[in-house]
Amino acid sequence: MGAKRASKDFAFPWPAALTLFSFCLLAAMFCPPIYGTGEIGELRLVNIVFFAFVFLAVGNLFYWLGWLARRMELRAPGERARALLSLALAALALAGCWSWLRGGGSVSTAAAIDELRSGEAGAFRACADRRLTVLEDPRIRDAKLEPFPAAPWLLYYADIAEDPEEWINVSMAAYYGKDSVAFPGY
């Protein structure tokens with residue numbers, strides 16, 4: 001028996017219907033959190049919807065390209081050039097949509113990439129490592145921690161207070177077995 005060959009008879013019918021279905025699917029993904037909370041939901045949910053958008057966009061692109069290729073097979077050579085120009089414009093429009101969505105920064109994956117590129121995440125990590133070295137050193141009883149040089153949106157939630165008697169400083173001191181935790185100069 002020989003290898004089974006792929007069928008070339010698929011005509012890619014109704015590409016607009018597939019695109020409409022994809023839009024409806026993405027819209028439906030937002031319905032549960034909007035119904036339940038009145039908001040679009042946590043960023044992890046938005047991130048899942050974003051990945052679904054990417055997969056659907058790529059699937060739609062391939063489907064539309066298949067539909068266009070079938071149409072080009074039926075055209076005269078002069079009309080194929082116009083069809084290729086249409087394809088190039090469609091690809092350009094898709095790239096424009098992608099860059100517009102990518103620039104949003106509200107999706108956590110996009111925000112993480114931005115923070116890595118800008119160096120904020122690296123500066124935050126380096127400072128956190130230096131602070132951890134001070135906090136884990138048993139010889140240091142009163143820990144003086146440098147302030148974070150950057151506050152990446154995804155990594156930074158809160159820091160210790162200037163006053164060593166604030167609850168967050170006291171809790172951190174107790175956790176690491178220190179007498180006090182504060183910024184230098186306090």
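## Asp137 and Arg139

Arg139 is exposed at 71% relative accessibility (exposed means over 50% relative accessible area, buried under 20%, partly exposed in between, with a 1.4 Å probe and protein chains only). Its salt-bridge partner is Asp137, with N and O 3.0 Å apart. Asp137 is buried, with a relative accessible area of 16%. A salt bridge here is a side-chain nitrogen of Lys or Arg within 4 Å of a carboxyl oxygen of Asp or Glu.

## Basis

This is a predicted model: local features need pLDDT of at least 70, side-chain atom pairs count only at pLDDT 80 or more, and totals for chains, interfaces and linings use all residues. Residues are numbered from 1 along each chain as its sequence is written, and side-chain values use heavy atoms, with hydrogens and water left out.

## Salt bridges of helix H5

The whole structure holds 5 salt bridges. One of them joins Asp129 to Arg125 at 3.1 Å, N to O. The two sit 4 residues apart in helix H5 (residues 120-136), so about one helical turn separates them. Helices (H or I, at least four residues) and strands (E, at least two) are DSSP runs, numbered from the N terminus. Asp129 is partly exposed at 35%. Arg125 is exposed at 54%.

Glu146 pairs with Arg130, the closest N and O atoms being 2.7 Å apart. Glu146 lies in the loop between E1 and H6 and Arg130 in helix H5, so this pair ties together parts 16 residues apart in sequence. Glu146 is partly exposed at 30%. Arg130 is also partly exposed, at 41%.

## Cysteines

There are 0 disulfides (cysteine sulfur pairs within 2.5 Å). Cys127 is buried at 0% relative accessible area. Cys24 is partly exposed at 42%.
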